[in-house]
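Hi,

Here is the structure we talked about handing over. Please open it alongside this message; my notes follow below.

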Amino acid sequence: MQASDFRLHESIEFRPAEGLTVVRGPNGAGKTSLLEAVGYLASLSSFRGAAAADLVRAGAPAAIIRGEFSTGGRRLLVEASVPVAGRARVQVNRQPLHRAADLCEKLPVLVFQPDDLMIVKGPPAARRDAVDDAVVTLRPRVGEQRRRLTTCLRQRNALLRQAGAAKADDATRRSLDVWDDRLGEAADAWAGHRRWVIGELQPRMERFFGRLTGAAAAPVEMSYEPRWLERGLAAALAESREEDLRRGVTTVGPHRDDIEWRVGPLAARTHASQGNQRSLALAYRLALHEALSAAGEPLLLLDDVFSELDAARTERLLELLPAGQTVLATAGDIPPAARPALVVSVSELPAAGT
């Protein structure tokens, strides 16, 4: 992988080993940015949720990233130009890429990072985003349905803000009828995807959680039972319309739902220990990796995930990691059980072209 003007890196070249590669360096040296560049080539997005402009080094017009991957017996050369303004330009084997889903299907990538803890202990949006991301990871082609849901919600909210309770004339209400139907259809479909992916991941997550905690663990449960689902969102939107008009926002739907995570009978967010919350987040990522592996061997990117784990959980996690290509970034010591094939320092990485 070669990158220029990406984050703080003016020019860098990175050649990971086939097995585990450890990238070492102090905080702020650019380890996470290096993983982010690798991840961008496979997903065309930042796993840190950054906007495209934030990926470009200050003063540069664009970031350039180039990498060669081997998948399914084929070599894929991926080249991306990410400008400060405008859309990124991506080529695969020197041909323009028209749909990101086509690339995501060929180059699965999975990221473990400390912020994963927020999936368990954070607000409902963190769990919604994690489940929705898992849907698209396992079924890249339904990403368009996620975007359609977001568009419908944005349009309905704009209409609500423009109208207001006092100005909602017949024409406005007829327009709301249209958007209620569109949003309802998109939401019902997406709720089905959420329930499907939870069914795929929950038994795996429960198994990994037990192995990470090293004991016969309490049952782990993910549940998604929004009140509007049985009747459909369109009916719920009709009921909430006056309140929505008063507040200028859609108050019911997938964007307001929570996915309940429990360990035994208790909510993991409020009652699980910090260690078990972290183990649950790791178990979730391991479950997603196992489900994703059915379609091919994902590239694993681990961003300083051992810093908050005790020695026992660190060793168990390393035992559970698959044998495929993995890149681990760390500011601390390498765990004794890691056994990397290659260890490099950020400061030792060569500049591209040297």
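**Salt bridges, a pocket and a buried leucine**

Arg127 is buried, at a relative accessible area of 3%. Keep in mind that this is a predicted model. Arg127 has a charged partner: its side chain meets that of Asp258 in a salt bridge, 2.9 Å from N to O. The two sit in distant parts of the chain, 131 residues apart. Arg127 belongs to helix 4, while Asp258 is in the loop between helix 7 (233-247) and strand 10 (260-263). Unlike a buried residue, which must fall under 20%, Asp258 is partly exposed, with a relative accessible area of 26%.

In total, the structure holds 28 salt bridges. Here are some others to look at.

- Glu105 and Arg141: their side chains form a salt bridge at 3.0 Å, N to O. Glu105 is in helix 2 and Arg141 in the loop between helix 4 (124-138) and helix 5 (143-167), so this pair ties together parts 36 residues apart in sequence. Glu105 is partly exposed, at 38% relative accessible area. Arg141 is also partly exposed, at 43%.
- Asp102 and Arg99: the closest N and O atoms of this salt bridge are 3.3 Å apart. Asp102 is partly exposed at 23% relative accessibility. Arg99 is partly exposed too, at 39%.
- A network: salt bridges link Arg156, Asp177, Asp180, Arg241 and Asp244.

Next, the second largest pocket. It holds about 860 Å³ of space. There are 31 residues in its lining, and the closest to the centre are Pro16, Glu68, Phe69, Ser70 and Gln325. Strand 4 (62-71) is among the elements that supply at least two lining residues each. The others are helix 1 (31-43), strand 5 (74-83) and helix 2 (100-106). Strand 4 gives the largest share, with 6 residues. By type, the lining divides into 15 nonpolar, 7 polar and 9 charged residues.

Last, Leu286. Where does Leu286 lie? It is in helix 9, residues 274-292. Leu286 is buried, because its relative accessible area is 3% and the cut-off for buried is under 20%. Beyond its neighbours within four places in sequence, Leu286 is in contact with Phe112, Phe208, Leu212, Leu317, Leu320 and Leu321. Leu286 and Phe209 are 77 residues apart in sequence, yet their C-alpha atoms are 9.3 Å apart in space.

Best wishes

Note on methods: Residues are numbered from 1 along each chain as its sequence is written. This is a predicted model: local features need pLDDT of at least 70, side-chain atom pairs count only at pLDDT 80 or more; totals for chains, interfaces and linings use all residues. Side-chain values use heavy atoms; hydrogens and water are left out. On a 1 Å grid over the protein atoms alone, a cavity is a set of points where a 1.4 Å probe fits but cannot get out, and a pocket is an open set with protein on both sides within 12 Å along at least five of seven lines; lining residues have an atom within 4 Å of a point. Grid points are joined across faces, edges and corners, and a volume is the space filled by probe spheres set on the points. Helices (H or I, at least four residues) and strands (E, at least two) are DSSP runs, numbered from the N terminus. Ala, Val, Leu, Ile, Met, Phe, Trp, Tyr, Cys and Pro count as nonpolar, Asp, Glu, Lys and Arg as charged, and the others, Gly among them, as polar. Buried means under 20% relative accessible area, exposed over 50%, partly exposed in between (1.4 Å probe, protein chains only). Contact means heavy atoms within 4.5 Å. A salt bridge is a side-chain nitrogen of Lys or Arg within 4 Å of a carboxyl oxygen of Asp or Glu.
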